[in-house]
Amino acid sequence: MPLIKKQKIPLLVDKMLKKFDVIGPVPKDEKYVFSKVSRGEEVFLGYDTSILPPKKIFFPQEETLITFKKDEQLEFKPALEDGTPSKTDGDRKFVIFGVHACDIHAILTLDKQFMEVYPDPYYISKRARSLIIGVSCREPKETCFCGIMGTYTVEKGFDLFLEQIDEDEFYVIVGSDEGRKLLSAYPDFFEASTEETLEKLRKVLKEKDEKFADSVSITGLPTLLEQEFDSVNGEIWEELGEKCLGCGTCCLVCPTCFCFNVVDKVELSGKEGLTKRVWDSCLLADFAVIAGGFNFRPTQTSRIRYRIYHKLKYELERGGILGCVGCGRCNIACPAGIKMQDVIKKIKGE
Amino acid sequence: MKTLVVNPYLPIPARCTKIVSQTELEKLFRFEFLGKTIQENFDYLPGQFLELSIPGFGEAPFSITSTPTKKEYFEFCVRKVGTVTGALHDLKEGKKVGIRGPFGNGFPLNDLKGRDIIVIAGGLGLVPLRSLINYILDKRDKFGALKILYGTKQPKELLFRDELKAWEERKDVELLITVDAVPEGQEWSGNVGVVTTLIPKVEMHKDYTAVICGPPIMYKFVLRKLDGKLREDLIFLSLERRMRCGIGKCGHCAIGPKYTCLDGPVFSYEEIKNLQGAI
């Protein structure tokens, strides 16, 4: 396995920019966002977390699905020409450079949701053009709980993963054929690892377990939730329902939340328009309302309970994959101060 | 590289060929796809639903009320309650809409074939069940006894009156109708009481298969009344949720770990008995 020196990374990105679009974490108002870069030095791999996860690249906040003509001219067209969605960025592949392990886990969850059963052409068209280069986290942020979810390391879902082994060196893990091709396309930037680097890697990974792992784990959580739905510690849900403002911000910043609403917009001419999807949240009061006004989750308690069950139980039951990756963005965003790890600990009675 | 992917979000234009008013609030809409081959190749199961799009107003899921044994058209029966249904009620014969689907599992025909069946419908619940009933009647020898219990709030809300009459006259169908109440000015000489009051009036053995559809509130009362009378794996319920996409993506129709649009809308009682938030 190869190695890359820290100072070579911006140069590598510069070189990649000739062939790919590159999206990476860049500073913004003392926080970080994933943004298209034009120079390698813009990518800041020492970021803690980004405001929005890379989800927004594959599943944007608003996305046109269909364009239509109304009335007698009635016609529907996919918002792209060949039956796939519009390619606003052209056919160029893009590299997402610097994705943390938790966010890679989240992309795997989204892949499951959007690429199976009825494959979603809009998601796939963007996902198929993406290369993912992961980067390790060195310290958990106080809001992070990847230690509980077991997501501070990742084994798949990336093309390359850069594991930092000391101040100026990254060990490069290859995760796909595409990743291997990257290595051979840019041989000048990588060097071979030695027995010494492998030793460093082992040490770093061991230290990581000590730094990140939590005494609480999610083992047994689904079974506990099975019992907690109605009673026993039913007050957990009442308390949360009292606290939750129902603003839905946690869903907007969540790397695995995939719910959306579908709306039509008509052009001023009144003759044509478009159908688009926009991010939605199960915490909003009308999310589960049916025609006629009946609401299947009429209280904030029932809504937040549903969200937590979806994250910690239902998604596992559906796809065998985590609905929460412990990135902690919901903790940062929640105006009511609800913390997912506190909820987990409470359910586990710790 | 040009990837040709089927786009499950793309509606196909269909023309409204007939509108028949059913009650003050409900109309029956008949549609045909514009392309003859599309219509001829269009197939579905009783109990499945379609997404109907009126551009500019939006899209909504509707149960198909016609039977797939009639190949020339498909029908919806829709109550005017919101934006899309309002626009649909303003639609004139000859006008066009967009259609996606069919989606959902439909009624379990394999579990129904050869069996004695009891259909329990409350209000608009008759809409998807009409598809099943007419399917059974078109393939009568494939099914056993057919008993239908149907209740509405008041006499003027009864749907498909001509068909009710025809079913009533058939010797191979037992149809019982009830209304919750008879407000002044409406005529009614039949049963009065909620639909569950009809259950003790029909004879059933333990191997009857029940198919139930009605307003959300109805299920627990019907299930309570059927408790112990029938096998839980042979009681089927068609559930209503807000199916925005129809393809298991948008999250709106989730019931616990199930998606109504993919895993349902028809579930056996056994399947959802312990499902949080189902009934």
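Predicted model: local features only at pLDDT ≥ 70, side-chain atom pairs only at ≥ 80, totals over all residues.
**Chain B as a whole**

Let's start with the big picture. Chain B is built from 8 helices and 15 strands.

Of the 279 residues in chain B, 46% count as buried. Now take the contacts in chain B between residues at least 6 apart in sequence: 68% of these join residues at least 24 apart.

**Domains, chain by chain**

Both chains have been given a domain assignment. In chain A, domain 1 comes in two pieces, 2-58 and 82-212, and domain 2 also comes in two, 221-257 and 282-347. In chain B, domain 1 covers 12-103 and domain 2 covers 109-272. Here is how the pairs sit and touch.

| Domain pair | Distance between centres (C-alpha) | Residues in contact |
|---|---|---|
| Domain 1 and domain 2 of chain A | 29 Å | 21 residues of domain 1, 19 residues of domain 2 |
| Domain 1 and domain 2 of chain B | 21 Å | 22 residues of domain 1, 20 residues of domain 2 |

Look first at the chain B pair. On the side of domain 1 that touches domain 2, the strands β3 (49-54), β4, β5 (74-79) and β6 each supply at least two residues. The largest share comes from β6(B), with 3 residues. Sorted by class, this side of domain 1 of chain B has 8 nonpolar, 9 polar and 5 charged residues.

Now the chain A pair, where 21 residues of domain 1 meet 19 residues of domain 2. Here helices do the supplying: α3 and α5 (146-149) of chain A each give at least two residues to the side of domain 1 that touches domain 2. Which element gives the most to that side? It's α3(A), with 8 residues. By class, this side of domain 1 of chain A holds 12 nonpolar, 5 polar and 4 charged residues.

**Where the chains meet**

The two chains touch each other as well. Chain B puts 37 residues into the contact and chain A puts in 40. On the chain B side, β4 (58-63) and β6 (96-103) each supply at least two residues. That side of chain B is made up of 16 nonpolar, 13 polar and 8 charged residues.

**Zooming in on A:L110**

Is A:L110 buried or exposed? It's buried, because 22 other C-beta atoms lie within 10 Å, and 20 or more is enough to count. Leaving out neighbours within four places in sequence, A:L110 is in contact with A:K55, A:F58, A:F59, A:T256 and A:F258. A:G323 is 213 residues away along the chain, yet its C-alpha is 9.3 Å from that of A:L110.

A:C244 lies in the loop between α9 (235-243) and α10 (249-253) of chain A. With 21 other C-beta atoms within 10 Å, A:C244 is buried too. Not counting residues up to four places away in sequence, A:C244 touches A:L283, A:Q300, A:I304, A:A336 and A:I338. A:D280, 36 residues away in sequence, is 17 Å from A:C244, C-alpha to C-alpha.

**A bent helix, α11(A)**

Our last stop is α11 of chain A, residues 300-319. This helix has 20 residues and reaches 26 Å from its first C-alpha to its last, close to the 28 Å expected at 1.5 Å a residue. Where does α11(A) bend? The bend is at A:H310 and comes to about 55°. Just after α11(A) you'll find A:G320, which takes a positive phi of about 65°.

Methods: Residues numbered from 1 in each chain as written. Chains lettered and ligands numbered in written order. Contact = placed C-beta atoms within 7 Å. Helix = DSSP H or I, 4+ residues; strand = E, 2+ residues; numbered from the N terminus. Nonpolar A, V, L, I, M, F, W, Y, C, P; charged D, E, K, R; others polar. Domains from an automatic or database assignment. Expected span 1.5 Å × (residues − 1). Bend = angle between axes of the 7 residues up to and from the residue. Buried ≥ 20, exposed ≤ 12 C-beta atoms within 10 Å, placed from the backbone.
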